[in-house]
There are 4 protein chains.
Amino acid sequence: MPESTKAKIGVLGASGYTGAELVRLLLRHAGVEISLLTADRRAGQEMREVFPQFAPFALPKLVSIESIDWSGAALDLVFCALPHGTTQKVIKDLMAKAGGTKVVDLSADFRLADLAAYARWYGHAHQAPELQREAVYGLVEVHRDRIKRARLVANPGCYTTCAELALIPLIRAEAVDADEIVIDAKSGMTGAGRAAKEEMLFSEVSEGIHAYGVGHHRHMAELDQEFSLVAGRDVVVTFTPHLVPMNRGILSTIYVRGLGGNRPEDLHAILSKQYLNEPFVHVLPFGSVPQTRHVRGSNLTFIGVTRDRIAGRAIIVAALDNLVKGASGQAVQNMNLMLGFPEAMGLEQVALFP
Amino acid sequence: MPESTKAKIGVLGASGYTGAELVRLLLRHAGVEISLLTADRRAGQEMREVFPQFAPFALPKLVSIESIDWSGAALDLVFCALPHGTTQKVIKDLMAKAGGTKVVDLSADFRLADLAAYARWYGHAHQAPELQREAVYGLVEVHRDRIKRARLVANPGCYTTCAELALIPLIRAEAVDADEIVIDAKSGMTGAGRAAKEEMLFSEVSEGIHAYGVGHHRHMAELDQEFSLVAGRDVVVTFTPHLVPMNRGILSTIYVRGLGGNRPEDLHAILSKQYLNEPFVHVLPFGSVPQTRHVRGSNLTFIGVTRDRIAGRAIIVAALDNLVKGASGQAVQNMNLMLGFPEAMGLEQVALFP
Amino acid sequence: MPESTKAKIGVLGASGYTGAELVRLLLRHAGVEISLLTADRRAGQEMREVFPQFAPFALPKLVSIESIDWSGAALDLVFCALPHGTTQKVIKDLMAKAGGTKVVDLSADFRLADLAAYARWYGHAHQAPELQREAVYGLVEVHRDRIKRARLVANPGCYTTCAELALIPLIRAEAVDADEIVIDAKSGMTGAGRAAKEEMLFSEVSEGIHAYGVGHHRHMAELDQEFSLVAGRDVVVTFTPHLVPMNRGILSTIYVRGLGGNRPEDLHAILSKQYLNEPFVHVLPFGSVPQTRHVRGSNLTFIGVTRDRIAGRAIIVAALDNLVKGASGQAVQNMNLMLGFPEAMGLEQVALFP
Amino acid sequence: MPESTKAKIGVLGASGYTGAELVRLLLRHAGVEISLLTADRRAGQEMREVFPQFAPFALPKLVSIESIDWSGAALDLVFCALPHGTTQKVIKDLMAKAGGTKVVDLSADFRLADLAAYARWYGHAHQAPELQREAVYGLVEVHRDRIKRARLVANPGCYTTCAELALIPLIRAEAVDADEIVIDAKSGMTGAGRAAKEEMLFSEVSEGIHAYGVGHHRHMAELDQEFSLVAGRDVVVTFTPHLVPMNRGILSTIYVRGLGGNRPEDLHAILSKQYLNEPFVHVLPFGSVPQTRHVRGSNLTFIGVTRDRIAGRAIIVAALDNLVKGASGQAVQNMNLMLGFPEAMGLEQVALFP
């Protein structure tokens, strides 16, 4: 594709891990050029100073968000990888000034359609309620058609993508008891971001595992929304996240009880059929379970279904790379739909194992 | 204690991780001397060739089991850290020849009191059924009195110790629904032993997490036995083990539903009361959850209880070091009871963190 | 490129790490198709059983080497990723039967042009001396022209690639004292391959570092050959490899003394000029040093030069991914030259960090 | 020892890793009681809130330094594990007010006897020059007698302890060329402390290795001092530190040239003789090299000597745990000498491997 016809893309928050992962993917996407990179605290620096892996590549210098002329920039699409809170104001401003610029937001700010739920989980009223109403929840395999027409897509969370891909087809089919679901999720450390916190130092988190946010993690709000949507009634699940000493990966071990005579094999059949033609969801043979390392660096989700020894119960294990399908890869997948590119474009990398 | 009056101890299978951990602990136990170390494939070598951390210490040379004169050795107690199968024959022979020698077995061979259950889970009849009947299950906090009088103690498994310490008091009190228990367990790599297997190579297991033995792990048999014992009826739980890229540690995340009006706070109170005076089980304040790294190298189990957001449900998290309280530390604790030493002797090490 | 015109490629030894890495790269190389995969012990299995990351991809079933009809296979090029020893026989047989098939060998078997040196380092006479004479040492940046015309290329070792790229331009320019070079090298665990060895188990190698092969590592023979070649006289260096608890990466810390008035800045200038237009070698600004993680998964080598505090001495640090530029990536780079593809084709992946 | 006669000990800076390690060791030291713990930012909290591994232990609450009445506290000895800079003022104040309290300082503040060297390396004049003159450099195996009589001991750095134990006997014996020494050192992450810095986050430092402070690390000043002292003239060595993805451990790979006909075997003999009766330095058989994991958690230093393939040159590898012999363990060893306890008291732990 000649340079002149490439889509112009901006990445807000390029100094974080999801920002860097967007740059990694976009650098090898034939249909786009990276036109804008922001990082407020690193404004004026080169991307290579913040992420040395980009040393050999020509990239725009980092700028601050407030220095941007959104209208003049004439971007086709902006990825917003900013912290919760800031995001609403920035996107509201951007979309007001640059009507033609589409947005994929990687924060949690636009994921909850219910403004009351947002206020309850985040402790304050939403600051861009009209945009919140317009935003489409960007779980591609579920909301593909709406995403294609969206101006603003709220990219799902990493934990939620993993659990939803495994459970939505089963809840929709009323094949599992939606009131008995337990999701035990394990995440790599990049899920916690790049902010300098004592609790994320190497020596605090290596050589051990622990649960956190037990009983009250914000990703629950997303799960509630999407599961209730397909169930047609309120669904609340048990969800416990853990931190594992690895960089990338989410593994969700999901405990379900079959409904309506559905045996574990039947749950497997439902998922296999659902994802037969999906490029980025792969269902393993019945009885096999995935490992996070086998999807590392790829946009794939692997799902396995096994029989529990208790009759009627199944154990479903799903794995993805939290920075790819759980964040930046899915964001590029959303971009592809929004800008009319083939859905898998730029996302063909094979997993890096070992 | 003068050397002459120290108890004479043997360690069978000293070239494995639990064997080395026994040596680490026994070297600093004031009441014993290490008189015998076996390792069939390394017979004739020094312990320092097999485990260089022992280079500065004087230890007996490794010998083969068949070279031992059990009667002449006149050992007070033998730790048996041999693979499943061999164990039964060796212990049968040893106990026949050296009537005064007590045994703590770290394998699974003598853990199941029910010979039929043994045959079902292990695929063959037990080869020392009389000893099986005599053996005491060595979960100290539950079977302390019987252990004191035992000749042969079957040291519990690492997963089972962790789950049983958290659940037995609750099942006994009928405070949780024993038919709705889900145990999602995560283990460090030493739990898989030191045998050279492709699947345990650094590059196969670092930087990722996976479940294994889903629906059919042999530790289930132990859980069934102990839970059914206290429930007074058959109890079967859901249990899924995972491998985590760390050396030591087991974390069990346990999902329970309260019975008889027992709220999560009540479950916490039951456990707190149960373990108030136990030297090696520590219940954290309500709402706190433990990390495996904070018990690393110690004989401690930490237990935390939290509220789930679903009314009536609680999430219990227990952590221990699989090589210490989950194996060799508990074995020494058993030895202390069997030989009349103070229960905590030689087990006072503070956890090594970071 | 239409399927029919793609080059047909075979990978011998596809069940090892370098084999899997070749498959990862070749699956995304637009000019080739993977026509043959061998793995003697896994013959008859699918690649996804050996490396689950390939589950979503169509690949030929694994076969044994002895089952292959080399002539009928009509392969354009074969990568040989077999253990030392077997390699010579297999390649000799293959090249005799299929004259049109080119070979890139990833073992050490054809790297030493001097048959006497081979016999000295490997303890036996070479079994394919004519091929040995014909083989070209595949360090692309040094032997590019000869590689283009070669039938058989001996892909360099990982340690040697890293050290040679940093040192050859300096030795050639007589800018450093070739008799005073110390190379302290650190490697990730995949460098040791996938064979099940106790010493490579997770718990043996995590959480620690050690040197090995001190004073007598076989990669020294390659260093001697290439350094002596450019020096025009015998050059022998000090080289110590270490194992680091990481999957991928080699870091070489190289201690040199400038000759002929060459200061550290001058050494940096020589390297910068040498690699200015190389796609896969990047020299950092003077005073900066690279990290292995910033080249992970890419075919890049990063080189940094710094001043030592002792006048006249410099410290050079070079980093690459041992499975890519140190093995399979460089092998694909060689293939590209041998088959007339653009040199960087299929090797454009940006490093995966974190 | 009855509680009343135990030495009263304070730890300043108990919220850092060396502080926690001191607490770990002192809790099991029969001759002391921990009477005071400070942590300015955590004042008022319990130690278990800062380091959960201490949950089962009774410890004094954390206080701020300025709240302490040094004279009234009547401490026998204080360990100072504060950051560089603050240390000088605190110790000056403490020693002025509490004449009977001895001090072991774990910072770098009192290590350099030469005030000009201090000013040069640290960029400002020393603020307690009289104490600086009085302070004894606490490398026990070299300065044991002076330490026994000292009021203020400057505990050596981790890198320096490791290199000095390996090199001082050889330089003193003029057995190696002091002008040709290269020390390539690798450290675990706890060496960087517990301050929340982006560069020490898990995802920044796992799965990779890098050099830092190349050519200008402050530990060089200590090396210069101690090497010059035994050489009787100015000695300057090449020293490069690296960070390795492990919690604990320093490995120093040291390249030397024998002088006066001393072969590698002779260097080994000198070290073996020197350390024959030292409880905490163990010289491996000639040709063996140590691994950091085999001294983990212990106060031991392992040293190996091997032959380089270049005649006359040797490679010496030394390993210790940076938090024990490299910091808190050596500090307790110093305390034992200063307070008249047996030197090894409380330091008998066997290494924790794996």
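User: How many residue pairs are in polar contact between chain B and chain A?
Analyst: This is a predicted model, in which local features need pLDDT of at least 70, side-chain atom pairs count only at pLDDT 80 or more, and totals for chains, interfaces and linings use all residues. Side-chain values use heavy atoms, with hydrogens and water left out. A polar contact is a pair of N or O atoms within 3.5 Å, where within protein one must be able to donate a hydrogen and the other to accept it, and residues adjacent in sequence count only if both atoms are side-chain atoms. With both residues at pLDDT 80 or more, the count between chain B and chain A is 34 residue pairs.

User: Which residue of chain A meets the side chain of B:Arg309 in a salt bridge?
Analyst: A salt bridge is a side-chain nitrogen of Lys or Arg within 4 Å of a carboxyl oxygen of Asp or Glu, and the rule finds six across the interface of chain B and chain A. For the side chain of B:Arg309, the N to O distance is 2.6 Å and the partner is A:Asp224.

User: How much area do chain B and chain A bury between them?
Analyst: Buried area is the accessible area (1.4 Å probe) that two parts lose on being put together, summed over both. Of the area buried here, 51% is on carbon and sulfur atoms, and the value for chain B and chain A is about 4,000 Å².

User: Which residues of chain B lose the most area to chain A?
Analyst: The contact, meaning heavy atoms within 4.5 Å, takes 48 residues from chain B and 48 residues from chain A. Together 20% of what the side of chain B buries comes from B:Glu207, B:Ile209 and B:Arg309.

User: How many of the 13 residues of H10(B) are buried?
Analyst: Helices are DSSP runs (H or I, at least four residues), strands likewise (E, at least two), both numbered from the N terminus, and H10 of chain B covers residues 219-231. Buried means under 20% relative accessible area (1.4 Å probe, protein chains only). The buried residues pack against elements of chain B including helix H5 (115-122) and strand S8 (182-187). H10(B) is largely enclosed by the rest of the structure, because the number of its residues that are buried is eleven.

User: What is the relative accessible area of C:Gly297?
Analyst: C:Gly297 lies in the loop between strand S12 (281-283) and strand S13 (301-307) of chain C. Among the residues that C:Gly297 touches are A:Leu352, C:Arg24 and C:Asp321. C:Gly297 is buried, and its relative accessible area is 5%.

Conventions: Residues numbered from 1 in each chain as written. Chains lettered and ligands numbered in written order. Buried < 20%, exposed > 50% of the residue type's maximum accessible area, 1.4 Å probe, protein only. Expected span 1.5 Å × (residues − 1). Lists of a residue's contacts leave out its neighbours within four places in sequence.
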